[in-house]
Amino acid sequence: MDNSDNMYQQICSARTVQSDKKGFFNEFYLEVKQSCGEKWLKNCFGTLKSNEARILSIFSDREICDPVLGVLENVVPVFKMKDAVFSSQRRLQADKYHLMWTSSQKKEELQHALALANLAVMRAPAKGVDMQIDEGLTLALALRCRAVILIALGEGEAAINDLKLAATNGLDIKNSVDYYLKMAKAYATMGEMKRAEISLKLAETISGGGNALIDACRQELPNIKVVKKKSPVAAPALSHGEHADLKGASSLVKLAETKDKGRFIVANNEVKTGDVVLSEDPVAACLLPAFYGSHCHHCFSKLSIPIPCQNCSGMAFCSTQCMNEACSTYHRYECQFMDLYIGSGMSILCYIALRVFTQAKDIESALKVSAQLYQNLCTHEDSRQADDLLQRSLMAAFLLRTLQKANYFGRRKTEGVNPTAVELQVATALLGLLEVLQYNAHEIYQTVTTDNHLFEGSKIVYIGAGLYGTAAYFNHECWPTVARYFVGKKLVLAATKLHRPNEVIAENYGPVFIKANLKERQRALRARYLFDCNCMACQENWPTIQKLDKQVRFWCPTANCNNVLQFPKDLSKDVRCVRCRKNVSLKESVAKMIRIEELYREAAQNMQDQKVEEAITMFKEGIDQFFEIAVLPHKDTLIAQNSLTKCMATMARQI
């Protein structure tokens, strides 16, 4: 590796810890590095053989501990706090736009009202926190305000949820006719007229008899438009059931191991195009900070009606369930430090390492999971430079300090930074995870489509990252044999070609041959993952898609012969196979290829017509037939595989 490649590798490695050079952590690291000096870094820290020794060193070695402790002692909560005044102002503005809509019926005014109501809900403090504003009921009033707007938008289920939350947060419903009238209208938008009538009767009971508002509401209900709720997208089932030992993997695959490649996934039985070989939930996954305001912090679904954390204004959830699950586990430890994490500039991988601990039911189970990941997955610890290990050790210490301050370990007897025995174990495990994650994490993305067409103008948007224990076993090839997509946080891998038993089932770690040449791919993989790729695309130096012609290479049709033959110049003549030494005819293979091309064209037309399921069926049939008679690279088949991937991802798109 030359100096430029070595520098590129160091940059790639550093970016997996420090994603933003403007963050304060980079300054912290550089200050510590300058303080200890290159001699100590190389001859002392660089000779340490375990992560525990490295963590102990930065807390106790005289050459380094002073600047480390000096910074860590000043770690304090930094987060977006609630603001009752701001919330109250936004609520009044939302009411104004809703009132304007009642006259104009302009939907944009209603959408503007919802946006303001969302802000009011997000910034409102919990019941009784600020008694000077709205008598401590700012959140309840914001929720009630938003419920009215949601009813007008036909979002009855969300409106009911807001009304119930408003009651939980102090809204008096025992004597409120208005509350039950709103509930009745919300049920009507869902088509649940029996429940709507029950709500009206409860309102009548409270009012003690006849009431003009109740009568008007009863007359209005039959005219309320019923809005059908779209069903959530479900992850596909594993083909042929789940593997007994590989969590989230199909029984069609198995784990193989060689000295050169380590452990990797191969076909256990024949795998056909479209077979789902993996559908796995993450060990831990985190949303990128840029999407905190647009996606659920817990399940990653697109937000339209955010449910707030009751303590901070920086996080939003898509439902009460997601909010409760997050706030009862990991978010209670992370909540008050979210802006500190963002300000540090730490990478998404650091968030994931932290999440392994904050989401666990207890410290012991988190340590167990961490140990298993460190033992089973690649870390390249022996290849790391001393300054890389120092940077990761400092990040582990910083994350540990926030856990200390968040009372993750219970109430500590001292405010001191130095770790107890258990805290030392956690810091050591965090360092190990930071090594594991560099080579094993997956970016999580969603396929975003336009209103006009499912495919034209669609794009991939990366929203987070996750660690998937079984998916990490899939090796890389510069043209993958599986399509990867996500349903929420669940990672799905579906075969994009026919696999015979014991054939490698390959993922892709970034560079693909259709876009990057051999030299570019090898440089990127060597720098980012520390290996030289030996896949077929690299061995044969396949050209990029722009330079690839449409010629086909066929398997020799002789049974048990695995030789590859070029497309014949004259179909009327047999071709001599140098391996089986037979004269063979390729007429039948060419005829099949013509049919395959026709399937590709029909599938492409179905994509254009947005008939996704029909397109998937035809692509699968054509691709399976191609791999029975021919080999890659073949331009039309590569395009077909890529199109199949788009179709399957679109089926799981976030609306």
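This is a predicted model: local features need pLDDT of at least 70, side-chain atom pairs count only at pLDDT 80 or more; totals for chains, interfaces and linings use all residues.
**View A. Helix 3 crosses helix 17.** Helices here are DSSP runs (H or I, at least four residues; strands are E, at least two), numbered from the N terminus. The axes of helix 3 (residues 51–60) and helix 17 (residues 386–405) come within 10 Å and cross at roughly 75°. Axes are lines fitted to C-alpha atoms, for helices over the stretch in contact, with angles from 0 to 180 degrees between N-to-C directions. The two helices are therefore roughly perpendicular to each other, a label for angles of 65 to 115 degrees. Arg54, Ile55, Ile58 and Phe59 of helix 3 meet residues of helix 17, among them Leu389, Ser393 and Leu400; contact means heavy atoms within 4.5 Å.

**View B. The buried residues of helix 12.** Look for Thr320, Cys322, Met323 and Ala326, which are buried in helix 12 (residues 320–327). Buried means under 20% relative accessible area (1.4 Å probe, protein chains only). They cover an arc of only 165° around the axis, so they sit on the same side of helix 12; the arc is that of the directions from the helix axis to the C-beta atoms. Their packing partners include helix 8 (156–168) and strand 5 (307–308).

**View C. Glu597 and its contacts.** You will find Glu597 in helix 21 (residues 587–608). Glu597 is buried, with a relative accessible area of 17%. Leaving aside neighbours within four places in sequence, Glu597 is in contact with His634 and Asp636.

**Notes.** Residues are numbered from 1 along each chain as its sequence is written. Local features need pLDDT of at least 70, side-chain atom pairs count only at pLDDT 80 or more, totals for chains, interfaces and linings use all residues, and side-chain values use heavy atoms, leaving out hydrogens and water.

Note on methods:
Angles under 35 degrees count as roughly parallel, over 145 as roughly antiparallel, 65 to 115 as roughly perpendicular and the rest as oblique. Buried means under 20% relative accessible area, exposed over 50%, partly exposed in between (1.4 Å probe, protein chains only).
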